[in-house]
Structure formats: structure tokens, C-alpha cells
Amino acid sequence: MSHHIVEFKNVSFRYPDGTLALKDISFRITHGESVGIIGANGAGKSTLLMHMNGYLMPTSGTVNIGDVYLTQKTQQEIRRKVGIVFQNPDDQLFMPTVYEDVAFGPLNLGLDEAAVRERVNFALNLVNGLELKNKPPHHLSCGQKSAVAIASVIAMEPDILAMDEPAANLDPRSRRLLINLLKTFAHSKIIASHDLDLIMDVCRRCIIIREGTVVADGPVSEILADKKLLEENNLELPLSFQRC
Amino acid sequence: MTFDTQYYNLGFLDQLSYKDTFVHRLDPRVKLAVTLLFLFTVISFSKYETVALLPFFLYPMLLMTLGEIPLIFIFKKVLLVSPFAVFIGIFNPLLDSGQIVILNGFTISAGWLSFISILIKFALTVSTALLLIATTSFPGVCHALRQLGLPSIFVSQLLFLYRYIFVLMEETMRIVRARNMRSFSERGKGIKIFVRIVGILFLRSVEKAERVYYAMLSRGFQGDMPTLKRFQIKSADVVFALCAVALLFVFRFYPATEILGRFVQGVFS
């Protein structure tokens, strides 16, 4: 049985311009967990996600994904394990039609045509996007684009799903559909977002980062109810807590 | 807002390619090959053979009618790029002053004739190329090129061009709108601001390119764009190709205009 763990041990990362984006950050996410990563703008959320499939390499410390340590050599292997959904779907949908875009990953994995078709249909069906198949991405609405972006990652059948602001730019109904969709996934999920209500609905555990380090790590119900802690991190109580 | 209209115009060319007519259903490779053959045939005429070029208008006209592409749209596009052709040929009438008799006693300088032939060749080639895109869609042409053996790297470049030109134009549109909203009369619309806008656009595209590349890497990109096989040559394609080749052959090697003229003369006399 495979263990889809994500473990960061004393990871630091410095951008070439000198900014220290991650400072000695450590945490461990175990198989099947769904974790929300929250924090102020510029706290290092996106940088953290970019380490998860080896786009950025830690300046010091180790990243362990499913018992494989991230190095130049294991990059490809790790990219198969972790699927990342980006904040701006336009960055992710680069092929001329939706179908080709979702097929891009599976084709790169070296699957044969029949298997690719099967995966593409499955993934598009999952996000209710089957009828968008032959459309070019620039004719889709924002909600449709992000649904397709998720399908394009699902089609690679990753063990771990990482998402950066999945609900940004979505209207309330698309956002609700997305939340329901995320709840049905059995993957380990890591979601970086400012949408605390979404995190509360989808995740069990929550990590707050500030200036590149973990300042809080615990069950969502505790952390998202701690008004003082949230306000220290430029956040607010989730709306659903504010009402009562 | 001229920029907006240009943007929607480009989108229109794209929309035309979603139609489902006989021409649209033809195999992209066949259409591409026939178009290339057409271009070479048109270019192969010498510079004074103006009359022999005229029958070639039949091909774009046929494509336009069968493919239900509005004539006015193609005409406008051809007109838009015509200055290039006009400037190439504008001095011919002055430089090439030999006299040529066209009708009894009516002479013009050879330069005018070659100028007209440049314009005709230009109209033929540009309209046919536009029609190829309008009836095949840009990605269709790209995939055809790939299957006809163009290196993958060039095809990927073209595909990215097509995909991101819309994103880039939308970005530009947003910046231009934001500027217009905060600039009054001529203030804020000068060249200095324009240069800065171009700079910002460049930086944004570099950043976007980086993010796109990251997205490609995270889905296992290793230097080659994979494609699904999808085309199959049907009998309609073969018929289309044969007809087109026969037509081009006749127009190239027989004086079609003259034959037609004599035929009409014969009917009336």
C-alpha cells in the first residue's frame, strides 16, 4: 500500500533576488488528509506549493513526497504523484482545445490512445465538463476554465492534489459546486486559500503560515474559531462563525 | 475603441472556423496541401501575365461560397494588409517604362501591368491563406503541419501563439481601458505612457510564460508536444484534391481566359 505523505523538514527557500520566502518550515501531512494552508498575502503559500512538485528546490532542508525525497533526479516521479491546480486557469490551459488540454498530461505519461481517451472522458465527466470538450479555452467562462483546469490535473490520477486559491474569481454557485466536487475526492488534498469558509467545508486540518514559518497547525474547528490568531495574520473569522 | 474592435475581429475569424460545412469537414492536411500548391502556382506566373491570373479567383470564391464565409469580411482583411503590396509595386510604373499594347492602339507602360499583377497575386494569396484558417481553424492547420513533418517545436510555437494571443489581447484591452478611464482629453495618451504600457505588457508576458511553463512541467512535459491522431482521409478529400489539382493545372498551362472568351464569342456569333 502506498503512503501519500507530504513531509517538509526544516525547509528554507530564498528567491534569487534575496527574499527569504520560507524560513525553516516543517510539517507532515499524512495519507488521505485534507489540509488548508492560510496566511496573509505574501506569507509564502504559493512558494510552498511550488516546492510540492519540484518547480522550486529548497535552499536548505528536505521535501519528502510519498517516501521519495525531492531532488533533480526524482522531479519527474514527484510530478506524477502531486497534481497542482493553479490560481489562474489561463496559465494552466495552454492547449487549443479543452480535450487536448486534458489529454496533455496523460499523453506525457506515455499512455496509449484508448487509455488517454478514457481518462479524459472520466476527468471531464467528473467536473461536469464533458460538453466543453471541443471548445477552445478562451471561449470558456471563468468557472468553466477552473473546472477544466481541475480535470486536467485529475486526468493524471495524482496521489495528492494541491490547489492554489481554487475558488478565486468564481461566482457563488460555481464556488459551491467546486466545494462539493472537492469533498468527493479521496485524494490527499492541500488547499492554499483566503476563502476560509471553503477551507472549513473541505478541510479537516489547517496550517497558518506567516513570513515563511508555521505559526499554527491544528484542526480546522479550533484554528478558524480563534479570532485573535486569525486577526494577527490579516485574516478574519469565517462568515459562518461570525453569524453566531 | 479601436483596440476592442480589432480584438473581436480576430475572435470572429476564429468563430468562422467552428462552422460545419463541406469545406470545414475536409481533411486539414488536404486543404493545406492544396492551398500551398495554389500559392506556388499563382507565384509561378511571370510579372506581365496579368490576364492568366484572373481565373484563379475561382478557387477562393468557391471556398468562400461552400464554406459560407462572408465575402465582406475577407475583403476587409485583404484591404487591411494591402499597403504592403502597394508599396512593393508602387514604383514599377515609373521604373519599368517599356510600352505594351493591350487593346488596338491603346498602350500602357509595362510597369503598370506588373504592378497590377503584384496586386492580383497579393489578393489571391492572402485571401486563400485567410480562407484556409477560416475553414480549418488555426490549431487544425497546426496539426496538419505537424503531420506533414514540420518539426514539433515550430508547431508548439504556433499553437502557443494562437492560445495566448487572446489572453495577451485581453490583458492589453484591460490596461488600455484602465488608462482611458483615468486620462482626460489628450493627457495621459502620449507616447511616454504608451511606451510604459508596452513595457508592462512585456514583463507580464514573461511572468505568464514562466507560469505556463511551470504548468506544463507539472503535467509531465519533456520537450515534445504529444498529439492525438485524429484525421482520416475520406473519399470527399480525394475528390476535392483531384478537382483542385486538375483546375490549377488547366489554369496554369492553358490560357483559360482566352478559351472562355472565344467560347463566349462563339456563342454570340
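Asn53(A) sits in the loop that runs between H1 and strand E4 (60–65) of chain A. The model is predicted. Asn53(A) is buried, at 0% relative accessibility. Its side chain reaches across to chain B, in polar contact with the side chain of Tyr214(B) at 3.2 Å. The points below go from that residue to the interface, its salt bridges and the cysteines.

**Asn53(A) and its surroundings**

- Contacts of Asn53(A) beyond four places in sequence include Ile78(A), Arg79(A), Val82(A) and Ile84(A) in its own chain.
- Asn53(A) counts as buried because its relative accessibility of 0% is under the 20% cut-off.

**Interface totals**

- Chain A brings 33 residues to the contact, and chain B brings 32 residues.
- The two chains bury about 3,100 Å² between them. Carbon and sulfur atoms give 57% of that area.
- In chain A, the residues that lose the most area to chain B are Asp91(A), Phe94(A) and His138(A). Together they make up 22% of what that side buries.
- Between chain A and chain B, 12 residue pairs are in polar contact, with both residues at pLDDT 80 or more.
- Five helices of chain A give two or more residues each to the side that touches chain B: H1 (45–52), H2 (75–81), H3 (89–92), H4 (98–108) and H5 (113–126).
- H4(A) gives the most, with eight residues.
- By class, this side of chain A holds 17 nonpolar, nine polar and seven charged residues.

**Phe104(A) in helix H4**

- Phe104(A) belongs to helix H4 of chain A.
- Phe104(A) is buried, at 0% relative accessibility.
- Beyond four places in sequence, Phe104(A) touches Phe94(A) and Met95(A) in chain A.
- From chain B, Phe104(A) is in contact with Met216(B), Arg219(B), Phe221(B), Met225(B) and Pro226(B).
- Phe104(A) and Asp24(A) are 80 residues apart along the chain, and their C-alpha atoms are separated by 36 Å.

**Asp90(A) and its salt bridges**

- The whole structure has 18 salt bridges over all chains. Four salt bridges cross the interface of chain A and chain B.
- Asp90(A) pairs with Arg163(B) in a salt bridge, with the closest N and O atoms 2.7 Å apart. This pair crosses between chains, from helix H3 of chain A to helix H10 (residues 152–182) of chain B.
- Asp90(A) also forms a salt bridge with Lys145(A), where the closest N and O atoms are 3.3 Å apart. Lys145(A) lies in helix H6 (residues 142–154) and Asp90(A) in helix H3 of chain A, so this pair ties together parts that are 55 residues apart in sequence.
- Both Asp90(A) and Lys145(A) are buried. Asp90(A) has a relative accessibility of 12%.
- Arg163(B) is buried too, at 1% relative accessibility.

**Other salt bridges**

- Glu171(B) and Arg174(B) form a salt bridge, with the closest N and O atoms 4.0 Å apart.
- Both residues lie in helix H10 of chain B, three residues apart, or about one turn of the helix.
- Glu171(B) is buried at 14%, whereas Arg174(B) is partly exposed at 48%.
- In chain A, salt bridges link Glu33(A), Arg205(A) and Asp217(A) in a network.

**Cysteines**

- The search of the whole structure finds zero disulfides over all chains.
- Cys203(A) is in no disulfide. The nearest cysteine sulfur belongs to Cys206(A), 7.4 Å away.
- Cys203(A) is buried, at 7% relative accessibility. Cys142(B) is buried as well, with a relative accessible area of 1%.

Note on methods: Residues numbered from 1 in each chain as written. Chains lettered and ligands numbered in written order. Predicted model: local features only at pLDDT ≥ 70, side-chain atom pairs only at ≥ 80, totals over all residues. Heavy atoms only, no water. Contact = heavy atoms within 4.5 Å. Buried area = accessible area lost by both parts, 1.4 Å probe. Salt bridge = Lys/Arg side-chain N within 4 Å of Asp/Glu carboxyl O. Polar contact = N/O pair within 3.5 Å; in protein donor to acceptor, adjacent residues only side chain to side chain. Helix = DSSP H or I, 4+ residues; strand = E, 2+ residues; numbered from the N terminus. Nonpolar A, V, L, I, M, F, W, Y, C, P; charged D, E, K, R; others polar. Disulfide = S-S within 2.5 Å. Buried < 20%, exposed > 50% of the residue type's maximum accessible area, 1.4 Å probe, protein only.
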